[in-house]
Amino acid sequence: CFCSLGMAFSRSLLRSGRRADKAFLRPRSTVGQTALDRPSKSSVSFISRNLAVISESRLDEFMRAELSIFAKQRPPQPLSFLDVIKASSCLEGLAQLVHQELPVRFARRLKHIERVDKWEQIPELVDLHAMHIHSFRELRLSDPSKPAEYAEAILQIRQRHKRLPRLFAEAVKRIASINEAPSETEDEQSTHLELWAETFLRSRVASELLMSHFEACVKTAGFDEETKVGIIDMKCDPWQICESAVVATQDGPYPCHIETESPPEKIEFCHVPRYLYYIMEEILSNSARAAAEKAQKDGAEPTPIRVSLCADDSQVVIRVSDRAGGMHSKCASEVWSYLFTTSPVHAASAQRVEPHRPWGVDGHGESPMAGRGIGLPLCRLYAMYLGASLHLMNMPGLGVDAYLFLNRIDPADALQASISAP
């Protein structure tokens, strides 16, 4: 069929490094442009190293064929973070894993968007669709056998996808407001939308962690990093991360006072500092906003938020406790919903810009867990992917305690995956 032939030919064009089909293609005049602003199809040609010419319209046909086949090829296999670590013994092997996993995930996300009735009428879904088409195309035109160059393509994709959580949060709420299936009750519609959102975001979490780990491995290849493998730190200090998140929250848009209860002795364990920081920042931000809103309502100073840390030989536990009045019982039952939010519409615009933060944390307020109404559900998904769990204990009229249980990763697994330069 055309799709099979298109896929086979497109792959031969995209596979560089072999004499018979040495045709690593790049658009002449679309470098740095997005899928929304590149020139018309007729104005661009693609030229191989053997001077074979393929028009952009023809390349688009091959890409569409590949998208269809990747989307039907197989569901993305469950890929735990430990699987990623174990595949990190060399950059080329990790690059091949990225190149194997991401096209399938991007293609299936595109089809997932297209399953929404009248998705073309929802601006946020249109943007997400264009974003994934551009990323799929860029990925398929990149060469994983050259890790440094391939990492540049991955970096571009990650930069482009920074807007994804916010776009997705708005898209879900817009879908809920306009989609009405006459054969379904309101509860059935909400359940289907929740499942649709969770499927999309689970794929997003896996691909974000895979890309950031690969990018970090490329940056540190050849350096003597005895305690680090990519984004893993075998001597991660959770208390230092908590303190940094506390400082960022107290300097943020919501006036608050945070008390810390340090552990009796230093705790170090094998974990992922970057995403632990993001999770703590989101939890503390929610508590700070609740405390500030209650203080404004009562005409009083914000009640203190308390952060505690403890550990044993199998787990590290962090508790964030506020006394901001808690949630109504109905709200507490919906706190993990992608359709529920108590966040003001413009709350995100008040985020602080920082010049530098450690652990590879983005310095421009772009947390991968920031999205109006989906911050806590995303934190829970990231925690689950990293072998942790996030729980909330609501005390109506008093406050909320958040518990983050972090399972220790065996350092031996990370040591066996020490990156060697290609």
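Modeller: Skipping its neighbours within four places in sequence, Leu 125 is in contact with Ile 113, Val 116, Trp 119, Ala 171, Ile 175 and Trp 196, where contact means heavy atoms within 4.5 Å. Before going on, a word on what you're looking at: this is a predicted model, where local features need pLDDT of at least 70 and side-chain atom pairs count only at pLDDT 80 or more, while totals for chains, interfaces and linings use all residues. Residues are numbered from 1 along each chain as its sequence is written, and side-chain values use heavy atoms, with hydrogens and water left out.

Now, back to Leu 125. Along with Phe 81 and Phe 168, Leu 125 has the most contacts inside the largest nonpolar core, a group of 110 residues. Such a core is a set of buried Ala, Val, Leu, Ile, Met, Phe, Trp, Tyr and Cys residues joined through side-chain atoms within 4.5 Å. Buried means under 20% relative accessible area, exposed over 50%, and partly exposed in between, using a 1.4 Å probe and protein chains only. The largest share of this core, 14 residues, comes from helix α8, residues 186–220; helices here are DSSP runs of H or I, at least four residues, numbered from the N terminus.

Helix α8 also holds Val 205, which is buried at a relative accessible area of 2%. Neighbours within four places aside, Val 205 is in contact with Leu 378, Leu 381, Tyr 382 and Tyr 385. The C-alpha atoms of Val 205 and Cys 379 are separated by 9.9 Å, though these residues sit 174 residues apart along the chain.

How values were computed: Helix = DSSP H or I, 4+ residues; strand = E, 2+ residues; numbered from the N terminus.
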